[in-house]
Amino acid sequence: MSGMANVESFDLDHTKVQAPYVRLAGIKRTPSGDAISKYDLRLLQPNQGAIDPAAIHTLEHLLAGYLRDHLTDVVDVSPMGCRTGMYMAVIGEPNEGGVLRAFEQALRDVEAHDRPIPGVSELECGNYRDHDLTAARQHARDALGQGLKVQETILLSR
Ligand SMILES: [Zn+2]
């Protein structure tokens, strides 16, 4: 037994999900009782490919703004290390259908984005040369074409 804390996403059976999807990964309570909900925003089927680093970096920059345009109280949007999607933390308990619609609308915004990527300069970004808007837009188009859904959590049986 190690002392490492349990991590919710390691209990998800990644072979049973069907991307693209949004999934409520968990809800945390702060000491004062506020809820913080964590969502998976999965674009690619796990273990069947990965978004190139430059493209997921651009998705991170674009979704950081566009998701906040469509969903209130977003705390954080960050790429999954496996590069198949994003994590999102939001204050409160928005219903999954609302999160799904916000993600769809944000992806439509990404697909249509034909201006400079926000936050791309040596001052604003930790790797500002590493971006790919064309590929980011294509990933948004692909996910919308496949149709997003709400994914329920299927736990590993072990
Ligand atoms: Zn950056």
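**Ground rules.** Because the model is predicted, I took local features only at pLDDT of at least 70 and side-chain atom pairs only at pLDDT 80 or more, while totals for chains, interfaces and linings use all residues. I number residues from 1 along each chain as its sequence is written, and side-chain values use heavy atoms, with hydrogens and water left out.

I take helices as DSSP runs (H or I, at least four residues), numbered from the N terminus. His61 also has its place in helix α1.

**Checking the record.** For "binding site", UniProt lists His57, His61 and Cys125 in an unreviewed entry. These residues are spread over 69 residues of sequence, yet they cluster in space, with a largest C-alpha distance of 10.1 Å. I keep in mind that UniProt annotations may be inferred rather than shown by experiment; positions are in the numbering used here and feature names are shortened.

**Buried or exposed?** I count a residue as buried under 20% relative accessible area, exposed over 50% and partly exposed in between (1.4 Å probe, protein chains only). His57 is buried at 12% relative accessibility, His61 is buried at 16%, and Cys125 is buried at 13%. Cys82, at 43%, is partly exposed.

**Neighbours.** I set contact as heavy atoms within 4.5 Å. Leaving aside neighbours within four places in sequence, His57 touches Cys125, Asn127, Asp130 and His131. With the same exclusion, His61 is in contact with Ile117, Pro118, Gly119, Val120, Cys125 and His131.

**Other things I looked for.** I counted 0 disulfides, taking a disulfide as a pair of cysteine sulfur atoms within 2.5 Å. I did find Lys38 over the face of Tyr87, at 4.7 Å from the ring centre. For that, NZ of Lys or CZ of Arg must be within 6 Å of the ring centre and within 35 degrees of the ring normal.

How values were computed
Helices (H or I, at least four residues) and strands (E, at least two) are DSSP runs, numbered from the N terminus.
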